Amino acid sequence: MLFKDALESIVIPEKVKSISSYTFSGCSKLTNISLPSNLTDINSYAFDGCSSLPYIEIPDTVTSIGSYAFRNCYTLDNF
């Protein structure tokens, strides 16, 4: 998808409780993401290949992070 090549920042709405597998996979220019405070699940490969993402704050409400959710996030320093 073309938008994945250009996506740099995103704010996910509060009503979202789960991030599906591969949702942001391949968003190599993504540098900023704001997760909702009531998020409960981050599924497998959700952020795979987000190679420019330096930081992500995962809310305390998250109870499940799928396999390889942050695979190939080379610049991810802290989460």
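Because the model is predicted, local features need pLDDT of at least 70 and side-chain atom pairs count only at pLDDT 80 or more, while totals for chains, interfaces and linings use all residues. Residues are numbered from 1 along each chain as its sequence is written, and side-chain values use heavy atoms, with hydrogens and water left out.

Start with the sheet. Strands here are DSSP runs of E with at least two residues, and they are numbered from the N terminus. Two strands pair if DSSP finds at least two bridges between them. In general, strands of a sheet pair through backbone hydrogen bonds, either parallel or antiparallel. In this model three strands form an open sheet in the order β2-β4-β5, and the pairing is parallel. The edges are taken by β2 (18-19) and β5 (64-65); each has a single partner strand, so one side of each is left without a neighbour in the sheet. Strand β4 covers residues 41-42 and is joined to β2 by two bridges. Within β4, D41 is the bridge partner of S18.

T40 has its place in the loop between β3 and β4. Is T40 buried, partly exposed or exposed? Buried means under 20% relative accessible area, exposed over 50%, and partly exposed in between, with a 1.4 Å probe and protein chains only. T40 has 27% relative accessibility, so T40 counts as partly exposed. Contact means heavy atoms within 4.5 Å. Apart from neighbours within four places in sequence, T40 is in contact with K17, T61, V62, T63 and S64. T40 and I65 are 25 residues apart in sequence, and their C-alpha atoms are 8.8 Å apart in space.

Next comes the nonpolar core. A nonpolar core is a set of buried Ala, Val, Leu, Ile, Met, Phe, Trp, Tyr and Cys residues joined through side-chain atoms within 4.5 Å. In soluble globular proteins, nonpolar side chains tend to be buried together. The largest nonpolar core in this model has 21 residues, and the members that touch the most other members are F24, I33, L35, I42, F47, I56 and F70. Which residues does F24 contact, leaving aside its neighbours within four places in sequence? The partners of F24 are K4, L7, I10, I12, I19, I33, A46, F47, D48 and C50.

S25 sits in the loop between β2 and β3 (32-34). S25 is buried, at a relative accessible area of 16%. Leaving aside neighbours within four places in sequence, its contacts are K4, Y45, A46, F47 and D48.

A disulfide is a pair of cysteine sulfur atoms within 2.5 Å, and the structure holds zero disulfides. C27 is in no disulfide, as the nearest cysteine sulfur, that of C50, is 5.2 Å away. For C50, the closest cysteine sulfur is in C73, at 5.1 Å, which is too far for a bond. C27 is buried, with a relative accessible area of 0%, and C50 also counts as buried, at 0% relative accessibility.

The last stop is D48, in the loop between β4 and β5. D48 is buried, with a relative accessible area of 8%. Not counting residues up to four places away in sequence, D48 touches F24, S25, G26, Y68, A69, R71 and N72. Of these, R71 counts as partly exposed at 37% relative accessibility. A salt bridge is a side-chain nitrogen of Lys or Arg within 4 Å of a carboxyl oxygen of Asp or Glu. D48 forms a salt bridge with R71, the closest N and O atoms being 3.1 Å apart. D48 lies in the loop between β4 and β5 and R71 in the segment after β5, so the pair ties together parts that are 23 residues apart in sequence. Not counting residues up to four places away in sequence, R71 touches Y45, F47, D48 and G49. R71 and F47 are 24 residues apart in sequence and 7.1 Å apart in space, C-alpha to C-alpha.

Note on methods. Helix = DSSP H or I, 4+ residues; strand = E, 2+ residues; numbered from the N terminus.
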